[in-house]
Amino acid sequence: MITGIRGMNDILPPDIPQWRFVEETARRIFGLYGYSELRSPVLEKTELFLRGMGEDTDVVEKQMYTFADKSGDSVSLRPEATASVLRAVIEHGLLGQEPIQKLFSIGPMFRYERPQKGRYRQFHQINCERLGESGPLIDAETLCLAYDIAGALGLSGIELEVNSLGCPVCRPAYQQALRAFMLSRRADLCDNCRRRMETNPLRVLDCKAESCKVAVIDAPAIEDYLCPDCRSHYQAVLTALASLEVPFTKNTRLVRGLDYYTRTTFEISAAGLGSQNAIAGGGRYDGLIADLGGPAAPGIGFAFGLERLIMLLEPIPTQTQGCFVVALGEDAKEQALCLLTALRRAGIRSEAALDKSFKVQMRHAGKSGYPLCAILGGDEIASRTVTLKDLGSGEQSSVARDVFVNAVKQALDL
């Protein structure tokens, strides 16, 4: 037996209603905000992620699925969606066609890490990118959008944490202060953070090692180092969130895991996942489009992890509206196929198990979840009728063949 690859899971039919509910809810809320869907390939040139995410991030250093294709080019399965979406925007000149772009995408991502509850090697994200606008009201509206998606899913204990990471003007002074602080705590840091404190000290704040979490508790807060423009922007974002009645908490340790974020960054968590309770995160990335070879256009975005959302949802019971067709005898089976086709062409879901015995067909009908069963045998063929059975009550009635489809519609209230 060949089994699936560890950390890359099958999504089986009983789970699909939850997945569809999440995806359709996200599409509905994005539609209310005027967003359009973009679909990018799962395989990209490795350079895209090196430039887009930063070579000094865990994702690039440890987690990417990277290999040489048959032409010798280095390619990678996408570990996140933003770089792929921006590559498509740049390549197809979308910002030249319309300077404001509001895009979302839904699909699989890939990271090689230890599989654990809610985190897999193939995982799925709902991704949002808003390009061409830089004001604080845009940030607040984007955070409100993410909050509305979480709310529309009916999640409990939703919490929004917000921070500002400053800009290229004010961040260097903060990095210098943070690096000096890290030097005084060097003995308490993991080997990886001892290296990163020199190259990218903000990454230390994002480390999941318990010793590093404790070591940075008293680290300088970036809010104290914001330049006047960043401070004004941050305060305006918080004021707008309050006006929109979106509850939030300031978190000066929130840096996210990627290098491209500037100014506003945020994370949404929900009750029911334990300590690893984040379901969404994102922020502003005003220099990223230019870094990838595009115009100097600002951007902000976020992503939800679908697997974590699914874990928080109750199973969704489904009552399938349709009709199961059962036939007794070879002649009846051939005519049953005509009934099935007539139902489907009328937009009514229908199934049969015509290769099985009459008894087994009836058993399938009872397990199908359909409210109706259509029975066709010798008597029905002779009288050009069909017997309709209510699988809930067991009541039966005879209907003429020429009104059969309408009778099914009426019974199903379609």
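1. A search through the whole structure turns up 13 salt bridges, counting a side-chain nitrogen of Lys or Arg within 4 Å of a carboxyl oxygen of Asp or Glu. Keep in mind that this is a predicted model, where local features need pLDDT of at least 70, side-chain atom pairs count only at pLDDT 80 or more, and totals for chains, interfaces and linings use all residues. Residues are numbered from 1 along each chain as its sequence is written, and side-chain values use heavy atoms, with hydrogens and water left out.

2. Take Glu-37 and Arg-27 to begin with: they form a salt bridge whose closest N and O atoms are 3.0 Å apart. Glu-37 sits in strand 1 (residues 36–37) and Arg-27 in helix 1 (residues 16–32), so the pair ties together parts 10 residues apart in sequence. (Helices, H or I of at least four residues, and strands, E of at least two, are DSSP runs numbered from the N terminus.) Glu-37 is partly exposed at 30% relative accessibility, and Arg-27 is partly exposed at 31%. Here buried means under 20% relative accessible area, exposed means over 50%, and partly exposed is in between, with a 1.4 Å probe and protein chains only. Arg-39 joins Arg-27 and Glu-37 in a network of salt bridges.

3. Now for a pair further along. Asp-139 and Arg-284 form a salt bridge, with 2.5 Å between the closest N and O atoms. This one links distant parts of the chain, 145 residues apart: Asp-139 is in helix 6 (residues 136–152) and Arg-284 in strand 10 (residues 278–284). Asp-139 is buried, with a relative accessible area of 0%, and Arg-284 also counts as buried at 0%.

4. On to the nonpolar side chains. The largest nonpolar core has 87 residues, and Phe-30, Leu-145, Leu-155, Met-182, Ile-279, Phe-302 and Phe-304 touch the most other members. Helix 6 gives the most to this core, with 9 residues. A core here is a set of buried Ala, Val, Leu, Ile, Met, Phe, Trp, Tyr and Cys residues joined through side-chain atoms within 4.5 Å. Apart from this core lies another, of 21 residues, among them Val-325, Ala-332, Leu-339 and Phe-404.

5. Which residues does Phe-304 touch, not counting those up to four places away in sequence? Its partners include His-124, Ile-149, Ile-279 and Leu-309, where contact means heavy atoms within 4.5 Å.
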